[in-house]
Amino acid sequence: MNMRLPLDAMVPSLLLASCISFTLVAAEIKLPDGPIIAAWQNWGACNDTQTIQAVERGVNVVFWFSSNLVKDGDKPKISGPLPDLECVARVRKAIKEKGLPTAHLLTIGGWDAPHPDTSFTGTEWFHAWNEWNQGLPMPFDGFDWDLEGNDDLTSPYNVFSPACLQLVVDMSAAAKAAGYLVTMAPPQTYFDSTMPYFNRYLNNSNPPDYHPEFRYRGRNSYAYMWAAAPPGTFDLVSVQLYETYAPAMQALQEGISGEEYLQSWAAQFILGWTINFNDTSLKLQGHVDVAVPASHFLIGLSFGSPPKSAFFWPETAGAAYHDAPASLRPRGYAFWNIALEDSLANHSNRSLSFASGLNSFLHVRKQRQAQLEKRSLRQQSNFFWFE
């Protein structure tokens with residue numbers, strides 16, 4: 001069984017990146033200790049009040065959304081839809097002054113976004129990104145890969161070229177060697193523990209038993225990125241269970257409870273499975289065992305789009321989390337997106353704050369949780385008084 005290629009065969013440029021790492025970042029950047037509640041911003045968004053409130057409620061990793069890696073003339077360029085970078089710096093400064101440990105990463109990609117231009121290698125892209133990042137009012141702590149497909153089924157961005165996959169691996173390895181955080185946010189079929197097969201396409205259809213008309217599924221492309229990269233390259237994997245007609249939605253529609261699904265699926269993802277990387281154009285080939293440690297694993301949630309995508313209330317996630325063995329719990333959860341906080345969820349009449357709901361059992365912001373519990377007790381006391 002082919003587990004991994006030798007490091008020098010996979011990433012020839014990693015040695016160079018490691019030699020200059022100490023000149024790129026003053027010190028290795030680390031995630032906040034303990035459980036993680038991550039959240040994406042909306043496209044190009046930077047709302048001071050919403051972001052600070054989400055962080056106070058529990059969010060300790062913010063994915064600013066989004067950026068693209070494009071060619072401008074003969075040079076690499078980091079382009080939009082970037083958020084207002086002065087606003088980002090202002091918000092981050094306010095969060096830091098409040099003493100709330102929080103990591104801030106810039107997302108690369110998004111649905112319908114172009115894939116990175118492969119005129120440049122991953123190492124060249126990292127140097128361009130690092131130079132751009134260090135020139136910002138407040139540099140990001142790293143980047144989050146969210147390369148996805150395109151509405152146009154014939155788009156070249158509905159397939160990952162071998163060069164693009166290698167670019168992601170090499171840029172990620174160079175960034176990690178330089179001390180940055182590197183994360184990924186695959187839709188569920190792009191990193192699928194129920195699937196032993198692989199291809200580079202993002203316009204696959206499902207077997208005939210579940211919405212075969214939907215032609216926007218991946219087939220473990222992000223699993224390849226994870227497996228082909230040097231060990232320890234990726235700090236977090238946030239799997240989007242809310243992908244349209246994903247395995248999560250199928251399981252729920254077939255009658256499994258949300259709590260049972262979250263438990264069994266997380267265990268499968270952490271314990272691992274075998275994927276056949278049978279593409280001869282790629283460096284890593286053969287049957288490879290893939291597993292994501294609990295310390296690197298986040299479950300991605302959203303505010304719901306029934307009946308197409310899976311939705312889980314925070315209390316369902318909390319019950320699954322508490323009932324699972326400690327070794328088979330995710331490190332935390334991620335949600336799309338901060339701008340939707342306190343909106344009506346899943347076409348219901350109930351407003352939802354994922355930050356507060358997840359913090360109620362992950363206790364990222366313990367002082368905030370204590371305040372909420374005190375308020376709840378006061379409300380109960382008032383209720384009994386009037387009774």
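Mentor: Let us begin with the term itself: a disulfide is a pair of cysteine sulfur atoms within 2.5 Å, and we apply that rule here to a predicted model.

Trainee: What makes C46 and C87 a disulfide?

Mentor: The sulfur atoms of C46 and C87 lie 2.1 Å apart, and because the cut-off is 2.5 Å, the pair qualifies as a disulfide. The count by this rule comes to one disulfide, and the link of C46 and C87 is left-handed, with -85° about the S-S bond. The pair links distant parts of the chain, 41 residues apart, with C46 in the loop between β1 (36-40) and α4 (48-57) and C87 in helix α5 (residues 85-97).

Trainee: How do you know whether C46 counts as buried or exposed?

Mentor: Buried requires a relative accessible area under 20%, and C46, at 18% relative accessibility, therefore counts as buried. C87 has 3% relative accessibility, so C87 counts as buried too, and C164, with a relative accessible area of 2%, is likewise buried.

Trainee: Which residues have the most contacts inside the largest nonpolar core?

Mentor: They are W145, F191 and F277, in a core of 121 residues, and helix α7 (residues 162-177) supplies the largest share of this core, eight residues. Leaving aside residues up to four places away in sequence, F191 touches a set of residues that includes M184, Y222, W226, F269, W273 and V292.

Trainee: Why is α7 called oblique to α8?

Mentor: The axes of α7 and helix α8 (residues 221-228) come within 9 Å and cross at roughly 45°. Angles under 35 degrees would count as roughly parallel and those from 65 to 115 as roughly perpendicular, so α7 is oblique to α8. The contact is made by L165, V168 and V169 of α7 with S221, Y224, M225 and A228 of α8, and the crossing of the two helices is right-handed.

Trainee: What makes α10 and α11 oblique to each other?

Mentor: Helix α10 (residues 258-271) and helix α11 (residues 314-323) pack at an angle of about 50°, with their axes 8 Å apart. Since roughly parallel means under 35 degrees and roughly perpendicular means 65 to 115, α10 and α11 are therefore oblique to each other. In this pair, G258, E259, L262 and Q263 of α10 meet T316, A317, A319, A320 and D323 of α11, and α10 passes α11 in a right-handed crossing.

How values were computed: Residues are numbered from 1 along each chain as its sequence is written. This is a predicted model: local features need pLDDT of at least 70, side-chain atom pairs count only at pLDDT 80 or more; totals for chains, interfaces and linings use all residues. Side-chain values use heavy atoms; hydrogens and water are left out. A nonpolar core is a set of buried Ala, Val, Leu, Ile, Met, Phe, Trp, Tyr and Cys residues joined through side-chain atoms within 4.5 Å. Buried means under 20% relative accessible area, exposed over 50%, partly exposed in between (1.4 Å probe, protein chains only). Helices (H or I, at least four residues) and strands (E, at least two) are DSSP runs, numbered from the N terminus. Contact means heavy atoms within 4.5 Å. Axes are lines fitted to C-alpha atoms, for helices over the stretch in contact, and angles run from 0 to 180 degrees between N-to-C directions. Angles under 35 degrees count as roughly parallel, over 145 as roughly antiparallel, 65 to 115 as roughly perpendicular and the rest as oblique. A crossing is left-handed if the near helix is turned anticlockwise from the far one by less than a right angle, and right-handed if clockwise.
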